[in-house]
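Please open the structure in your viewer and keep the sequence panel at hand.

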Amino acid sequence: MISLVAQEPTLFQGTIRENVLLGVEESTSTERLHQACRDAEIHDFIMSLPEGYQTDVGSKGIALSGGQKQRIAIARALIRDPKILLLDEATSSLDSESEKLVQAAFERAGKGRTMVVVAHRLATVQNADIIFVLGEGKVLETGDHNQLLRKRGVYYQMVSSDPLFFCVCLLLICLW
């Protein structure tokens, strides 16, 4: 029912296939595996590798970039077809190119499910249905991006001072 994509994805020694299917029945169809990877924006990269899905990722995924590991973690979450997808700072340590690919994967992944996202970056939260601005141990503001900008409160100040990074954690619920 619930899948998590954490800030630091955990990959294990083994193949890409084994890492995506971790904890899922081995009888999962190849088409379902490929679709989860397409939805996570990682399928084309995997297919470009000489061994494709049988490529060994190395210890803790050392053979992959941060963005590639993150997209494999997204595919692992999606193959379970969760009703709720939890994303915890899933783009915070990525370069801008990887962040764009991962963000596109999240937008695709959000269709038909509830996403709960913890993020500090505007690009991650601005398309959410509901944004909860947290600070001082409580909810300071709620609304969508435009509503919060019109309020000219904490969210507005954070966006105005630095549009890429926030100093208060944002928790948002996206109902796609």
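Begin by selecting helices H4 and H5, whose axes come within 9 Å and cross at roughly 10°. H4 is therefore roughly parallel to H5, a label given to angles under 35 degrees, while over 145 counts as roughly antiparallel, 65 to 115 as roughly perpendicular and the rest as oblique. Axes here are lines fitted to C-alpha atoms, for helices over the stretch in contact, and angles run from 0 to 180 degrees between N-to-C directions. Helices (H or I, at least four residues) and strands (E, at least two) are DSSP runs, numbered from the N terminus.

Next, display the side chains at this contact (heavy atoms within 4.5 Å). H4 contributes Gly67, Gln70, Arg71, Ile74 and Leu78, and H5 contributes Ser98, Leu101, Val102, Ala105, Phe106 and Ala109. By class, the residues of this contact comprise 7 nonpolar, 3 polar and 1 charged. Ala, Val, Leu, Ile, Met, Phe, Trp, Tyr, Cys and Pro count as nonpolar, Asp, Glu, Lys and Arg as charged, and the others, Gly among them, as polar.

A note on the model is in order. It is a predicted model, in which local features need pLDDT of at least 70 and side-chain atom pairs count only at pLDDT 80 or more, whereas totals for chains, interfaces and linings use all residues. Residues are numbered from 1 along each chain as its sequence is written, and side-chain values use heavy atoms, with hydrogens and water left out.

Now select Arg113 and Asp81, whose side chains meet in a salt bridge at 2.8 Å, N to O. Arg113 lies in the loop between helix H5 (96-109) and strand S3 (114-119), and Asp81 in the loop between helix H4 (66-78) and strand S2 (84-88), so the pair ties together parts that are 32 residues apart in sequence. Arg113 is buried, at 11% relative accessible area; buried means under 20%, exposed over 50%, and partly exposed in between (1.4 Å probe, protein chains only). Asp81 also has a positive phi of about 50°, although it is not a glycine.

Which residue forms a salt bridge with Glu31? Select Arg38: the closest N and O atoms of this pair are 3.2 Å apart. Glu31 is partly exposed, with a relative accessible area of 47%, and Arg38 is partly exposed at 30%. The count comes to 2 salt bridges, each defined as a side-chain nitrogen of Lys or Arg within 4 Å of a carboxyl oxygen of Asp or Glu.

Move to Thr15, in the loop between strand S1 (2-5) and helix H1 (16-20). Thr15 is buried, with 11% relative accessibility. Beyond four places in sequence, Thr15 touches Tyr53, Gln54, Thr55, Asp56 and Val57.

In strand S1, select Leu4, which is exposed at 54% relative accessible area. Leu4 touches Ala77, Leu86 and Asp88, leaving aside residues up to four places away in sequence.

Then select Arg152, in the loop between helix H7 (145-151) and helix H8 (154-161). Arg152 has a positive phi near 55° and is exposed, with a relative accessible area of 54%.

Finally, colour the protein by pLDDT, the predictor's confidence in each residue, from 0 to 100. The average is 83, and 90% of the residues score at least 70. Over residues 163-169 pLDDT stays under 50, and the model has 23 contacts for them beyond four places in sequence. Where pLDDT is low, the predicted coordinates should not be read in detail.
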